[in-house]
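User: I would like to learn how to read helix packing, a nonpolar core and charge pairing from a set of coordinates. Could you take me through them one at a time?

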Amino acid sequence: IIKNAHQRLYFLTRLRRVGMSRRTLSIFYRCTAESMLTGCIVAWFGNLSAQERKRLQKVVNTAQSIIGSDLPSTEGIYHSHSLKKAGSIIKDPHHPGHTLISPLPSGRRYRSLKTAT
C-alpha cells in the first residue's frame, strides 16, 4: 500500500510543479492516495505495529509538505471511520453486531463487548 501511495505522490509533485492551487492538490491527494490508504481502515489499522503506523503517517507528512497545507493524520482518519462504522451498526437492527455495541449514557462514546475471534 505504501509503495503505491508513494507512486501517487509523484503525480502530486508533478501537478505542483505545473502550478496547481493548494485546494486542487488537496483534492487530488484525497481522491488518489488517501482513498487508497484508508480503504477498509477500520478492519486493518488496529492490527498495525507502531513501525507500520509510522510509515503510513510518513506518507501523509510527505503529502503535507508537497501540498503546503495540513492533512488529517492516519490516526484521526481511523478514529472518524470507526465512529461512523459503529454508528451505522447501531442504527441497523439487522446487523449481526448490533447487540455488541451500545452507546454510553453520554451519547458521545460507545461500549463494545470484548469478543474472541
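**Reading the packing and the pairing**

Analyst: Helix 1 and helix 4 are roughly parallel to each other, a label given to angles under 35 degrees, whereas angles over 145 count as roughly antiparallel, 65 to 115 as roughly perpendicular and the rest as oblique. This is a predicted model, in which local features need pLDDT of at least 70 and side-chain atom pairs count only at pLDDT 80 or more, while totals for chains, interfaces and linings use all residues. Residues are numbered from 1 along each chain as its sequence is written, and side-chain values use heavy atoms, with hydrogens and water left out.

User: At roughly what angle do the axes of helix 1 and helix 4 cross?

Analyst: Axes are lines fitted to C-alpha atoms, for helices over the stretch in contact, and angles run from 0 to 180 degrees between N-to-C directions. Here the axes of helix 1 (residues 2-18) and helix 4 cross at roughly 5° and come within 10 Å. Contact means heavy atoms within 4.5 Å; among the residues that make it are Leu9 and Leu12 of helix 1 and Val59 and Ile66 of helix 4.

User: Which residues have the most contacts inside the largest nonpolar core?

Analyst: In soluble globular proteins, nonpolar side chains tend to be buried together. A nonpolar core is a set of buried Ala, Val, Leu, Ile, Met, Phe, Trp, Tyr and Cys residues joined through side-chain atoms within 4.5 Å, where buried means under 20% relative accessible area, exposed over 50%, and partly exposed in between (1.4 Å probe, protein chains only). In this model the largest such core has 19 residues, and Leu9, Leu12 and Tyr29 have the most contacts inside it. Helix 1, helix 2 (22-37) and helix 4 each supply at least two residues of this core, the largest share, 6 residues, coming from helix 4. Leucine 12 touches residues that include Phe28, Tyr29 and Ile66, not counting those up to four places away in sequence.

User: Which residue forms a salt bridge with glutamate 75?

Analyst: Side chains of opposite charge can pair when their charged atoms come close. A salt bridge is a side-chain nitrogen of Lys or Arg within 4 Å of a carboxyl oxygen of Asp or Glu, and by this rule the count is 1. Glutamate 75 pairs with arginine 53, the closest N and O atoms being 3.1 Å apart. The pair links distant parts of the chain, with glutamate 75 in helix 5 (residues 74-91) and arginine 53 in helix 4 (residues 50-67), 22 residues apart. Helices (H or I, at least four residues) are DSSP runs, numbered from the N terminus.
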